[in-house]
Amino acid sequence: MASIKTRDGTNLHVKEWGSGRPVVLLHGWPLNAASWDDQAMAIAEAGMRVIAYDRRGFGHSDQPWNGYDYDTLSDDLADVMAATEAENAALVGFSMGGGEVARYMSRHGGKGVSKAALISSVVPYLLQTADNPDGVPQSTFDQMTEGMKNDRAHFFDGFFKDFYGVGFFEHPVSDEVLEWSRNVSMMAGLKPTLACAEAFATTDFRPDLAAFRVPTLIIHGTADNTVPIDPSARAAARGIPGSKLIEYDGAPHGLLATHKQRVTDDLLAFLRG
């Protein structure tokens, strides 16, 4: 299936690999479903069916003007699951994609979901507020918006170095991975890029946590400078009963590339368990 049409007429690019119990992969901002390819291949080879799609506005999907709030994005997920007949599925969200998992669990009652995983996820609340003091200051997101409006390509050059933990002495991914990430990000429209950044920065998923009534795995790097671990993974683990948190000591945000084998192994163990 190359694409599906959502309830508001948006075409989403979808790929399905393998056969068996479905595993739906939600990608992070500002990438697309191809960022999951290493894990997707391993999951399919392990006897499961991978369903991965480009979020509206990104990759090969349509770029409508509206629909970048998490209610609409979770409706898109529901439409993908319905079109692919994904039942007894595992939902796995990376970074921004974790928010879609959380909102689907509450807005759609977790229909058809048997397991959930949040990797480097923004859940439950990223913005610093009086009742969320460990969050990221609004000024940081304002600077991101200004940087993207001024020179998006230049902004992404610095962004992905932080994303993958690249520094003067540390280089956990190749220059080619950095180049690929920048190129994929520029496939997205400017409006979707800005609107989704606002959505993941300001959406409070704390009320959604009670809707997680399935086994839930949480993976996060302790040195994640993009989505700090305290207001995200650690808070999510406290709020989701029975969840399991695995912390990757010293790891950055972009775990799917920097720690791809460890993520793959931990994810497969969870999916098989």
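Colleague: Is tyrosine 53 buried or exposed?
Modeller: Tyrosine 53 counts as buried because its relative accessibility is 3%; buried means under 20% relative accessible area, exposed over 50%, and partly exposed in between, with a 1.4 Å probe and protein chains only. This is a predicted model, in which local features need pLDDT of at least 70 and side-chain atom pairs count only at pLDDT 80 or more, while totals for chains, interfaces and linings use all residues. Residues are numbered from 1 along each chain as its sequence is written, and side-chain values use heavy atoms, with hydrogens and water left out.

Colleague: Which strand holds tyrosine 53?
Modeller: Tyrosine 53 belongs to strand 4. Strands (E, at least two residues) and helices (H or I, at least four) are DSSP runs, numbered from the N terminus.

Colleague: What stands opposite tyrosine 53?
Modeller: Valine 14 does. Strand 2 and strand 4 are antiparallel and pair over four bridges; two strands pair if DSSP finds at least two bridges between them.

Colleague: And how far is tyrosine 53 from alanine 2?
Modeller: Their C-alpha atoms are separated by 9.4 Å, although the two residues are 51 apart along the chain.

Colleague: How many strands form the open sheet, and in what order?
Modeller: Eight strands form it in the order 1-2-4-3-5-6-7-8, with mixed pairing. Strand 1 (3–5) and strand 8 (244–248) are the edge strands, each pairing on one side only. From one strand to the next, the twist averages 20°; axes here are lines fitted to C-alpha atoms, for helices over the stretch in contact, and angles run from 0 to 180 degrees between N-to-C directions.

Colleague: How do strand 3 and strand 4 run, parallel or antiparallel?
Modeller: Strand 3 (residues 22–26) and strand 4 (residues 49–53) run parallel and are joined by four bridges. Valine 24 stands opposite isoleucine 51 of strand 4.

Colleague: What joins strand 1 to strand 2?
Modeller: Three bridges join strand 1 to strand 2 (residues 11–17), and the two run antiparallel. Serine 3 faces histidine 13 of strand 2. Their hairpin has five residues between the strands, and glycine 9 takes a positive phi near 90° there.

Colleague: Changing topic, which residues have the most contacts inside the largest nonpolar core?
Modeller: Trp29 and Phe200 do, in a core of 94 residues. Helix 4 (residues 138–163) supplies the largest share of this core, eight residues. A nonpolar core is a set of buried Ala, Val, Leu, Ile, Met, Phe, Trp, Tyr and Cys residues joined through side-chain atoms within 4.5 Å.

Colleague: How many aromatic pairs are there?
Modeller: The count is 15 aromatic pairs. Rings of Phe, Tyr and Trp (its six-membered ring) pair if their centres lie within 6.5 Å; planes under 30 degrees apart count as stacked, over 60 as edge-to-face and the rest as tilted. Phenylalanine 160 and tyrosine 164 form a stacked pair, 6.0 Å centre to centre with 20° between the planes, and both residues are buried.

Colleague: Why is the pair of phenylalanine 168 and phenylalanine 169 edge-to-face?
Modeller: That pair is edge-to-face because the ring centres are 4.9 Å apart and the planes lie at 85°. Phenylalanine 168 is exposed, with a relative accessible area of 77%, and phenylalanine 169 is exposed at 76% relative accessibility.

Colleague: Which ring does arginine 262 sit over?
Modeller: Its charged end sits over the ring of tyrosine 248, 3.7 Å from the centre. A charge sits over a ring if NZ of Lys or CZ of Arg is within 6 Å of the ring centre and within 35 degrees of the ring normal.
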